[in-house]
Protein chains: 2
Amino acid sequence: MRTSIATVSLSGSLTEKLTAASRAGFDGVEIFENDLLASPLTPEEIRARCADLGLTIDLYQPMRDIEAVPADEFARNLRRARHKFELMHRLGADTVLVCSSVSPLAVDDDALAAEQLHQLADLAQDFGIRVAYEALAWGRHVSTYDHAWRIVETAAHPTLGTCLDSFHILSRGSDVKGIEDIPGEKIFFLQLADAPLLAMDVLQWSRHYRCFPGQGGFDVAGLVRHVLRTGYAGPLSLEVFNDVFRQAEAGPTAVDAHRSLLVLQEAVGAAALPRPVVPTGVAFAELVTPDTEPVSALLTALGFARTARHRTKPVDLWQQGEARILVNTGPSVPRGGTQLAAIGLQSPDPAAAAERAEALLAPVLPRRRAPEDAPLDAVAAPDGTELFFCGSDRWRTDFEHLAHTPAATDVHRIDHLALTQPWHHFDEATLFHRSVLGLHPQESVDVADPYGLLRSRAVTNADGSVRIALTVGAAPTDDTVRAQHIALATDDVIAAARRFREAGGHLLPVPANYHDDLAARYDLTDEELKTYRDLGILYDRDAYGVFRHCYTQTVGRVFFELVQRDDGYRGYGAQNAPVRLAAQHAMKAVTGG
Amino acid sequence: MRTSIATVSLSGSLTEKLTAASRAGFDGVEIFENDLLASPLTPEEIRARCADLGLTIDLYQPMRDIEAVPADEFARNLRRARHKFELMHRLGADTVLVCSSVSPLAVDDDALAAEQLHQLADLAQDFGIRVAYEALAWGRHVSTYDHAWRIVETAAHPTLGTCLDSFHILSRGSDVKGIEDIPGEKIFFLQLADAPLLAMDVLQWSRHYRCFPGQGGFDVAGLVRHVLRTGYAGPLSLEVFNDVFRQAEAGPTAVDAHRSLLVLQEAVGAAALPRPVVPTGVAFAELVTPDTEPVSALLTALGFARTARHRTKPVDLWQQGEARILVNTGPSVPRGGTQLAAIGLQSPDPAAAAERAEALLAPVLPRRRAPEDAPLDAVAAPDGTELFFCGSDRWRTDFEHLAHTPAATDVHRIDHLALTQPWHHFDEATLFHRSVLGLHPQESVDVADPYGLLRSRAVTNADGSVRIALTVGAAPTDDTVRAQHIALATDDVIAAARRFREAGGHLLPVPANYHDDLAARYDLTDEELKTYRDLGILYDRDAYGVFRHCYTQTVGRVFFELVQRDDGYRGYGAQNAPVRLAAQHAMKAVTGG
C-alpha cells in the first residue's frame, strides 16, 4: 500500500520535513496548513519540490468549523474555502480534510451539516478536489466516525467522502466493526496514530501524546483490517502530534515512522516482509576502549581470561563460561571513554535476520573485516549499538586461541545488557527491538534517579536467554553520558562477589540503611544479612523467585553486574536501582568521574 | 507557622536536599524513605546533619499497606513497623505517615482498619511516635479524608491522628468544609501540593505533575483556611512529586518552594508580608552588549536617538516618546551576545516594592553605583533578569543630557517585553511575577516552533502599561540561546515600518503564503493586504480589537517588534508566532547566526 505522513509529525522547516519523509521511503505527505504558511516557498515551488523528492501531496489539512452554521457564517466559510481550493490547485493537492466543527456557532442539525457539506463539495468539484469529512473526538456535535459517515451519506455527493482517523476512533472506544458498513470508495483517506493508554483529556492526549502505530496501546492493526475489508485503496497515512517528535531530528523520526507502517502492513497481511528470526542467545558483548588497562583489570578480577585475539584486528576475546566479552581498541571512542558498542546475537539464520532488519529500515553495517574473516551480518540499533547476527561459533575462527584459562567458573553467561537510549527515541527503540529482532517488550517501569526520573523497559526472547534493558531519562539532562552495563549470570553471587573482591575488584558500596530496610521487609537470617552487608549485595523478590545482585565500579561508561536468579525470578531488580544510582552518583562526586 | 518540605520534592542526594531546604529558610523536612535508604549516612548522622542545618525532622514517610489485612499479614506489618520505629528513634523523627492501603489483601472493613491502626499506635507509643493516617486518592477502600478520619475517630488512640494532603483531597473534588469537623489536635500533619487542572489518571497526575501552591489550579489556600480553623498547629509541609523538579537544581527549587508557602501564609492571613506594590509602567529596558554598533544602528533606524549618557558608567540612554532603552557595555556578556539584562519598572514606592521582593526571597542586587548616583532598588527575577524599581525620573539625573532628538515619533512606549525562561523554572517565573510584582498571569498558550513546542504566558498590570511575556520550551533543547524581545507601541505600524525600512532597517520577511491565508480569513482590502505583504506586517484579531505587528532582525539574542493595538486588542499575536519563529530559524540557517 502507499504510505504517507503528515508534515506535522516531523520537526523542522517544511523542506526539511519533505526531505526526511522522502529519504525514509514514504510515497506521499499530508501538508499541514501551518507548515505551508510558515514556508518561504510558493505553492508551486512546494509542488515541484515534492515531485523532485518523489512525494505526492495526498492531503491538505485542515479546514475547520465549516458545517452546520448560520447562513452568513457559511457564506464566509465558502469564501475561505475558495481561497484554499485555489491554493490546493497551485499545490497539486486533490483532497482536503474537513474536521467536524468545534465552533460555538455550530448547531446540532445533521441535515444542515449535510446540505452545507454538499455545497462545499460542489465548489470543490470545480477545482477537481475531493472533500474528506472527519469526526474529531471532541467535535461539538459530531464526534464519532459513524455519525460523520451518516452525514456524508445523507449529503450524497460524489466528491464528498469521509476520512477515518485511528486516534479519534480508538480514543473514544468506538466499535470499529461498523467501519465495514462504509463503502470503501467513500473512505477518502485513512489517518493513523497510536497513543499510550492514558486517562486524560482527549484534546490534550491527542495534541501531545500520539505516537506511531505499535508504539502505543491502541489496536491500530485491528482497525486497519476493518478498513481494508471495505476495499479502501488510499494510502496509510500517519498523523502524529507529539511533543517529543517536534523536537527530534526529522530524519530518524521519519525512518521510525515508516518502519511502523511496514510492521503494520505485515500485521494486517498487506505486505510480506522477511520473517522474524528471534535470537537464541548472546554470543558476545563488545566494548570499545581507548585504554585496555582498566577493562582488563576489571575482567580479570571478575574471573575472565583473555582466551583469544583477533587475527587481523585489535580485538581481544575475554571469556568465562559462555560469557564472552570482546575488547576492541580499534575504533575512535567518543567522549565518556570505554563503552558497550556492539552485541553479538546467536541467530538460527543470520542472513534472514539481517534481511528482515534491512527491510525494516535498520542501517546495514559494512562488514569491517579482512578477506579471510567469517562474514558477519550486522545492523545498527536506533541508539547506535551494533547488532551482529552470529549463526554458529564460526565467528570465533577469526580469533587465534591463547593458552589462558579463566581464573573462575562463577559466571556462566551474560544475563542481560542494559543500554541507555538517547532521549527522543525510547519508543522507537522498543518498536525496533520488537519488530526487527522479534523480542517481547516487558512492562515499562519508572526508576527514581537522584537527579531525575528514568523509564526502563526490557525486551526479551521467550526463554530469557536474550534480555536487553532499555533505559531513558524522563526528560533530557546535561548528564547525557549515563552508564551502560553488562549483567553476568552466576549460580552463586556470594561466591562470585567474594572472589571478585579477593582478586582486587571494588564492588559498589551499598548504604547500611538499605540493608536495615531489607531486615524490615524480609525474614532473612542475621548471617545472610551480614553477608549481603559485607559484600554490598542487593536483594529482590517477585511472584516467582529471588534475585540477588551486586555491581562493580564503572570504567568509562560501562560497569558490570553479577546476578543470581533463583526460582524463576523474572525482573531486573528495578526496585533497587535508585539505591544503585545514588551510590554511583556519590562515587562520581568523590572521584570526579 | 512552621514550614517544612518533603525531601522527595527536591533533586539530588539527601544531603544536597537538606542543605537546599535549610538555605531557603525551611524549618523542617519530611524524610522520604527512599532518600534515606540510598544515603550513606547513618540515621544518627542524618539527625546530626539536620540539627546542624537548623532543620527538624517533622515526618518520616511513608508506611504503606498496613491496615485492614488478614491477621498473619498484619503480624508481618507490625514486625516491619517495629523496625521502622527503631529507625525513627535513631533519626529523632516523632511522626510517621501511614497511607491508606492499596494492597489487594486489604478488605473493606473499617472496624478492622481501626483496630489494627490502634495496635500500630500502641506500638508507636512505646517509641514516643505518633501515627498520622492519610487517605490516598487511589486508596483501595479508603480514598477520602473524611473516611480516613472516621477510622481514626473509631480507633480512638492518643498517638493516632490523621494527615491531610491537599492533593489527595482536592484532586477528588472533596468538600473541604468537612475538615472543620476534625479536632485540630487530631490533625497530626498537613501536606500541601498544588497541581494543574488535568483530566487524567489520578495516580499519574499525583506522581508526575504536582506543583507548589499557587502554581497550579487548586484552591490550596481555601483548604488551609479550613484546616487552620480547627486549631491545627503543625507545620505547613510541601510534598510535591514532579518530574521537572526531580531534575532541577535543588537550591532554586527550594527557594521557589519556600516562596510559595510565604505567599500561601499571606493569603490565609497567617503571616504579614510587606504589601505588594504593583508597577505602573516600564521606565526602561536595558541591553548589555559587547559591541554597541549593531544595536545603535538598529535603534537609530527605529527612530531612537541617543539622548543621554550615564555620568559614571558606560551606559547610553536611547529614547523615543516614552520608550527608553539603556545600552550598557560595562558587564561581561554571556554567550549569545547582546541581551536584555534589566527592566526598569515605574513604582509608586520602590523601597516597599524591594522590601516585598526581599521578603519573598528574591535576591536583592547590590547597587552598582557611584556615590553621587540616585539609589535604585533592584532584585533578580528567576531567569536572572534584573528588575529595578524606579520611583520617579530621578534615575535620569544620573545621565548627562546630549543634544540629540529622536528622528521619529512613531514609537511612544514599550508595549511589552518577552523573556525566554530557563527550562525547569516556568511555573516559578509566573509565581514570582504574580507574588513579588503583583502582576496578573494571563492564560498559558502553546506556540509551535518548527523545532519544538513553546509555552507562553503573559503577566500584566491592570491597565496594560506593564506587560511581560514569559516563554519556555515544552522540553529543553540544545537551542538554549533563544531570543528575547522588546515590543514597541506605535499608533501607526505601517508608517513606523516604512520609516524603519527607509532608514536602512531590515524587517523580518514574512512568507507570501501567510498573507494569502490572511486574505482567506479576513475581509481585508487588496490595498491593505498589499501593504502588509510589502512590509511583512502580521495581523491578528481577538474579541476586542485588531493587532498589527512586525519584527526587526535579531542582534545577539534580542530583536524588536513594532506593534499597533487597536480597539483594545488584548493578546500578543500568539497565532502568528509560529510564522515568526520559522522565519527567524530560516534567517539563522542562512546567516549561520
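**Close-up views of a two-chain model**

**View 1. Six salt bridges are counted between chain B and chain A.** A salt bridge here is a side-chain nitrogen of Lys or Arg within 4 Å of a carboxyl oxygen of Asp or Glu. One of them pairs B:Asp516 with A:Arg90, with 3.5 Å between the closest N and O atoms. Please keep in mind that this is a predicted model: local features need pLDDT of at least 70, side-chain atom pairs count only at pLDDT 80 or more, and totals for chains, interfaces and linings use all residues. Residues are numbered from 1 along each chain as its sequence is written, chains are lettered from A and ligands numbered from 1 in the order in which they are written, and side-chain values use heavy atoms, leaving out hydrogens and water.

**View 2. Chain B and chain A meet through 50 residues from each chain.** Contact means heavy atoms within 4.5 Å. Three residues, B:Leu37, B:Gln247 and B:Asn513, supply 16% of the area that chain B buries against chain A, more than any other three. Buried area is the accessible area (1.4 Å probe) that two parts lose on being put together, summed over both.

View 3. Buried means under 20%, exposed over 50% and partly exposed in between (1.4 Å probe, protein chains only). A polar atom of the A:Ser171 side chain lies 2.7 Å from the backbone oxygen of A:Phe167. Beyond its neighbours within four places in sequence, A:Ser171 is in contact with residues including A:Trp205 and A:Phe218.

**View 4. B:Asp566 is partly exposed, with 21% relative accessibility.** Leaving out residues up to four places away in sequence, B:Asp566 touches B:Gly545, B:Val546 and B:Arg548.

Terms used. A polar contact is a pair of N or O atoms within 3.5 Å; within protein, one must be able to donate a hydrogen and the other to accept it, and residues adjacent in sequence count only if both atoms are side-chain atoms.
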